[in-house]
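Student: I have a model open here and want to go through its inside with you. Can we start with the holes?

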Amino acid sequence: MNIIPFKNTKKHIKEYAGKLSEGGFRSIFDRIDQLSVKRGVDTMGLDKFINQCALMAAGSGAVAGTGGFFTMLIGMPIDFVNLITQQFRVTMAIMYHNKGSYQIGFNEFMQLVATSFKVEAGIAVSKTMMENVAEKIFLAFGVRAAERLVPVIGAAIGGTANYLFVKRMAEKVKEQYPGPGKVIKIS
């Protein structure tokens, strides 16, 4: 019997990151309608589109934390996929806004995602690079998991954390992908 519940956490994060990088990112990317992202940005503007995505991420975070342990068990996987989906939509929106083309290739997209997570991104998208991105997402997401165990308060924490995550990542992506003719900030 394992009395220390988080004893193998690092090992499990590596395993889940490997699974996510083997096809999970590609699957999420392929399911996003890039034309609808373009239409959203054209209709609302970039900042309102980002806010809408952040609110959708907040919604799943709130639902996952509403009932404590039981809703967290069922809701966390759905919340996690939705959080990644909204972050990917935001990244696509920023790329479209700055580049003028809404058709974005997976490799170019993942390079920007990796850079925004401060993961070394080479010319080619590699399994190691995607595993590092997945690990950073899991770690950011997992830090908030315990806080969601308290019913009702967990909903506020989950929703707020997801909202802030998407908004902060949007700012990082904007810094990393300023668009043609714009100056890149070097920190």
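Student: Which helix gives the largest share of the lining of the largest cavity?
Tutor: Helix H4 (residues 69-99), with four residues. Helices here are DSSP runs of H or I, at least four residues, numbered from the N terminus. A cavity is a set of points on a 1 Å grid over the protein atoms alone where a 1.4 Å probe fits but cannot get out, and lining residues have an atom within 4 Å of a point. This is a predicted model, where local features need pLDDT of at least 70 and side-chain atom pairs count only at pLDDT 80 or more, while totals for chains, interfaces and linings use all residues. Residues are numbered from 1 along each chain as its sequence is written, and side-chain values use heavy atoms, with hydrogens and water left out.

Student: Which residues line the largest cavity?
Tutor: Leu 83, Ile 84, Gln 87, Phe 88, Phe 117, Ile 137 and Phe 165.

Student: OK, Phe 88. What is it in contact with, leaving aside neighbours within four places in sequence?
Tutor: Phe 25, Ile 28, Phe 29, Ile 32, Phe 109, Met 110 and Val 113. Contact means heavy atoms within 4.5 Å.

Student: And the largest nonpolar core, how many residues has it?
Tutor: It has 43 residues, and Phe 88 and Phe 117 are among those with the most contacts inside it. H4 gives the most to this core, 10 residues. Such a core is a set of buried Ala, Val, Leu, Ile, Met, Phe, Trp, Tyr and Cys residues joined through side-chain atoms within 4.5 Å; buried means under 20% relative accessible area (1.4 Å probe, protein chains only).

Student: Switching to H3. Which of its residues are buried?
Tutor: Among them are Leu 46, Phe 49, Ile 50, Cys 53 and Ala 57.

Key:
On a 1 Å grid over the protein atoms alone, a cavity is a set of points where a 1.4 Å probe fits but cannot get out, and a pocket is an open set with protein on both sides within 12 Å along at least five of seven lines; lining residues have an atom within 4 Å of a point. Helices (H or I, at least four residues) and strands (E, at least two) are DSSP runs, numbered from the N terminus. Buried means under 20% relative accessible area, exposed over 50%, partly exposed in between (1.4 Å probe, protein chains only).
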